[in-house]
Amino acid sequence: MMGALHRDIATIIVVGLALVVGGLVGTPYILAVLVIFGMVSILVLSYRTITTMGGWSFAHVALMGIGGYSVAIFSKAPFEIPVLGAVALGGVFAAFFAAILSWPVLRTRQYYFFLSTFAAGEALRQCYIQIKEVTGGTAGIAFIARPGVLPDPSSAFQFLCLVAVILVLLGLFYAALDASDTGKKIKAVGEDEALSSSLGIDAWALRALAFILGSFGAGIAGGLFASYNGIMSPSDINAMLMFKIVAACVIGGTARFSGPLLGLLFLTLIEEIFRFVPEFVPMIWGMLVIAAVIFSQRTGGGFRLRKVTNA
């Protein structure tokens with residue numbers, strides 16, 4: 001397992017360095033793509049942590065919104081918390097809401113878990129729209145600042161470096177959790193909850209822990225999204241982004257730490273190749289997910305990127 005941990009650490013460091021180097025030598029367009037890729041990487045890694053407990057949540061992007069609105073609200077008057085502090089606060093709030101949400105939704109399994117998290121996510125999104133006094137309604141909250149710790153907050157490259165650092169730190173945390181005894185027990189629960197419970201493992205607590213820690217990463221990513229875009233609105237919490245996260249995990253597989261990152265890289269390449277005909281991108285992603293599911297059923301395991309490219 002130590003070998004796997006070292007491999008996971010190397011993977012996340014290489015991804016962080018690749019983002020910085022790519023931003024340094026790339027065009028402004030590539031720089032913007034890398035910033036988005038880095039933030040979505042945080043989402044897919046945190047989402048993978050949730051899947052290890054055996055459930056695929058559809059509330060991840062909605063929980064990301066808590067982080068985004070936290071930055072939008074608490075970085076402004078009368079709170080005026082530094083943006084990075086508000087980003088961290090957003091992660092804590094997302095984790096706290098996930099802890100509350102875990103009580104009802106983690107009592108469901110399989111398709112019912114999908115439906116319950118989907119319903120919870122949609123309810124949360126409606127709160128963002130309806131509670132206009134706090135969230136700004138459909139218009140959202142604009143003029144969100146970038147972190148003041150950056151020498152030049154308007155620099156996209158410096159923001160990319162910040163995203164890369166946060167991605168590496170969170171990636172190291174999730175990799176360490178994955179290799180720990182707690183992480184092994186979470187995966188054991190995900191494999192066979194009844195057997196794990198019969199051995200004295202508190203399955204519900206471990207499932208809740210994975211859900212909460214994964215949601216923390218979603219909140220962090222949401223805060224970064226809001227700060228980078230300068231605005232947070234319900235339209236940022238869309239089904240397309242949720243589908244992209246799930247598709248990255250399906251295509252790359254969740255058995256390995258690097259799987260969702262490879263899946264996201266593949267989806268991003270597809271998105272860029274077809275960026276001049278963006279209306280075809282969701283259809284292609286959907287076909288790839290269907291192919292991945294069929295392949296996974298035949299092999300009884302996760303779908304690997306090399307299988308896609310060799311097909």
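Author: Contact means heavy atoms within 4.5 Å. Leaving aside neighbours within four places in sequence, Phe211 is in contact with residues including Ile50, Leu63, Leu101 and Val105. This is a predicted model, in which local features need pLDDT of at least 70, side-chain atom pairs count only at pLDDT 80 or more, and totals for chains, interfaces and linings use all residues. Residues are numbered from 1 along each chain as its sequence is written, and side-chain values use heavy atoms, with hydrogens and water left out.

Reader: Why is the pair of Phe74 and Phe93 called tilted?

Author: Rings of Phe, Tyr and Trp (its six-membered ring) pair if their centres lie within 6.5 Å; planes under 30 degrees apart count as stacked, over 60 as edge-to-face and the rest as tilted. The centres of Phe74 and Phe93 are 5.7 Å apart and the planes stand at 50°, so the pair is tilted. The pair links distant parts of the chain, with Phe74 in helix H3 and Phe93 in helix H4, 19 residues apart.

Reader: What makes the pair of Tyr111 and Phe114 edge-to-face?

Author: For Tyr111 and Phe114, the distance is 6.1 Å centre to centre, with 80° between the planes, and the pair is edge-to-face. Both residues lie in helix H5, 3 residues apart.

Reader: Why does Phe74 count as buried, and why does Tyr111 count as exposed?

Author: Buried means under 20% relative accessible area, exposed over 50%, partly exposed in between (1.4 Å probe, protein chains only). Phe74 has 18% relative accessibility and therefore counts as buried. Tyr111, at 59%, therefore counts as exposed.

Methods. Helix = DSSP H or I, 4+ residues; strand = E, 2+ residues; numbered from the N terminus.
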